[in-house]
Amino acid sequence: MPPGDDAWMAAAASIAAQGRPLSRPNPAVGAIVVANERVVGRGHTQAGGRPHAEAVALAMAGGAAKGATLYVALEPCAHVSARGPACTDLVIAAAPARVVIGCTDPDPRTAGQGIARLREAGIHVDVIDHAAARASLAGYLLRTRHGRPHVTLKLATSLDGRIATASGESQWITGSAARAHVHAMRARSDAILVGGATLRADNPRLDVRLPGLEVRSPQRYVLSRGTAPEGWHAVADITAPDAFGSAQYLYVEGGAGAAATFLAADRVDRLMIYRAPIVIGAGAASIGDIGLHDLADAHDRWRLVDQCQLGRDALDIYDRLDG
């Protein structure tokens with residue numbers, strides 16, 4: 001990998017987050033155009049999926065894109081649709097000297113064809129299989145390859161793993177900084193889910209209440225075999241192919257039964273554990289029975305990928321080892 005490619009691709013991948021979740025049903029992709037070690041264009045997939053990241057970055061770069069290097073997290077699309085031209089055609093017209101791609105596109109309409117067409121046009125193409133690029137596209141890759149959303153399970157607990165007192169009191173275990181962070185996570189999610197017991201007990205709004213981000217409130221789901229309240233979707237089988245529609249990112253907020261259901265079905269890709277510096281003792285556990293009988297089966301499943309302090313609370317983030 002040439003010097004600088006890793007950092008430039010990481011920068012392109014980081015831009016992608018600005019497009020979530022409004023780019024749905026298209027993936028949120030990030031792209032930057034670099035000329036003479038300077039960024040002359042940048043972009044992410046826009047609301048509704050168009051224009052794509054490459055189109056935005058190239059439009060910003062203008063004539064400076066000629067002879068430059070385009071870094072894009074996902075292989076440029078090769079198909080023309082009623083909603084816009086193929087990104088490969090836009091890239092070829094802009095005439096960069098080099099295109100660096102962080103991840104090939106599993107969509108059969110592209111799947112290597114974008115790379116081939118760029119090379120046929122005389123553009124040097126490097127595919128570097130970049131970890132940050134793959135991570136920025138985790139929801140899209142899971143949806144396209146396996147037909148399911150990327151699932152984040154959020155737990156807000158005491159130091160001893162409780163989510164409520166013995167009497168059922170649960171508001172609030174964590175402080176305002178942690179709760180604001182949760183709202184930011186909601187704003188990056190396509191859909192959000194709670195269990196039926198949590199819905200009945202707490203009647204949560206599950207919206208985004210951060211100034212300027214209210215429009216990013218996710219679709220609401222309840223884990224239930226019955227009907228859902230107005231504005232909600234009921235899902236009984238979380239493994240069904242169409243359980244969450246076209247959602248790429250699902251945020252599971254609780255409670256213990258819902259957490260256990262997703263863990264037992266091996267449908268959790270990321271754990272976000274907010275811990276308050278309190279001890280509750282007797283009370284409600286954060287996760288119900290997941291059918292674990294052999295302690296050895298609990299090991300080597302998760303890796304710690306990030307930690308931070310949110311006011312008085314701590315946040316630990318774990319990803320699946322095979323994710």
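Arg 134 and Asp 129 form a salt bridge in this predicted model, with their closest N and O atoms 2.9 Å apart. Arg 134 is partly exposed, at a relative accessible area of 33%, while Asp 129 counts as exposed, at 51%. Salt bridges that share partners also build one network out of Arg 148, Asp 266, Asp 269, Arg 301 and Arg 320.

**Salt bridges**

- How many salt bridges does a search of the whole structure find? The search finds 16.
- In general, side chains of opposite charge can pair when their charged atoms come close.
- One of the salt bridges joins the side chains of Arg 117 and Asp 89, at 2.2 Å from N to O. Arg 117 belongs to helix H4 (residues 113-120) and Asp 89 to helix H3 (residues 87-94), so this pair ties together parts that are 28 residues apart in sequence.
- Another salt bridge brings Arg 98 and Asp 126 together, and here the closest N and O atoms are 2.9 Å apart. This pair links distant parts of the chain, since Arg 98 sits in strand S4 (residues 98-101) and Asp 126 in strand S5 (residues 124-127), 28 residues apart.
- Arg 98 has a relative accessible area of 14%, and therefore it is buried.

**Aromatic pairs**

- The count of aromatic pairs comes to two.
- Trp 8 and Tyr 71 make a tilted pair, with 6.4 Å from centre to centre and 35° between the planes. Trp 8 is part of helix H1 (residues 5-16) and Tyr 71 is part of strand S3 (residues 69-72), so the pair ties together parts that are 63 residues apart in sequence. Both Trp 8 and Tyr 71 are buried.
- Tyr 221 and Phe 244 make an edge-to-face pair, with 5.1 Å from centre to centre and 65° between the planes. Tyr 221 lies in strand S9 (residues 219-223), whereas Phe 244 lies in the loop between strand S10 (232-235) and strand S11 (249-254); the two are 23 residues apart, and the pair links distant parts of the chain. Tyr 221 and Phe 244 are buried as well.

**Charges over rings**

- Which ring does the charged end of Arg 20 sit over? The ring is that of Tyr 249, and the charged end of Arg 20 is 3.5 Å from its centre.
- The charged end of Arg 179 sits over the ring of Trp 172, 4.6 Å from the ring centre.

**Cavities**

- A search of the whole structure finds two cavities of 30 Å³ or more.
- The largest cavity holds about 40 Å³ of space. Its lining includes Arg 20, Arg 24, Arg 188, Asp 190 and Tyr 249. By class, the lining of the largest cavity has three nonpolar, three polar and four charged residues.
- The second largest cavity holds about 30 Å³ of space. Among the residues that line this cavity are Arg 20, Leu 137, Tyr 140 and Tyr 249. The lining of the second largest cavity divides into five nonpolar, two polar and one charged residues.

Notes
Residues numbered from 1 in each chain as written. Predicted model: local features only at pLDDT ≥ 70, side-chain atom pairs only at ≥ 80, totals over all residues. Heavy atoms only, no water. 1 Å grid on protein atoms, 1.4 Å probe; cavity = no way out; pocket = protein on both sides within 12 Å on 5 of 7 lines; lining within 4 Å. Points joined across faces, edges and corners; volume = space filled by probe spheres on them. Nonpolar A, V, L, I, M, F, W, Y, C, P; charged D, E, K, R; others polar. Salt bridge = Lys/Arg side-chain N within 4 Å of Asp/Glu carboxyl O. Helix = DSSP H or I, 4+ residues; strand = E, 2+ residues; numbered from the N terminus. Buried < 20%, exposed > 50% of the residue type's maximum accessible area, 1.4 Å probe, protein only. Phe/Tyr/Trp six-rings, centres within 6.5 Å; stacked < 30°, edge-to-face > 60°. Lys NZ or Arg CZ within 6 Å of the ring centre and 35° of its normal.
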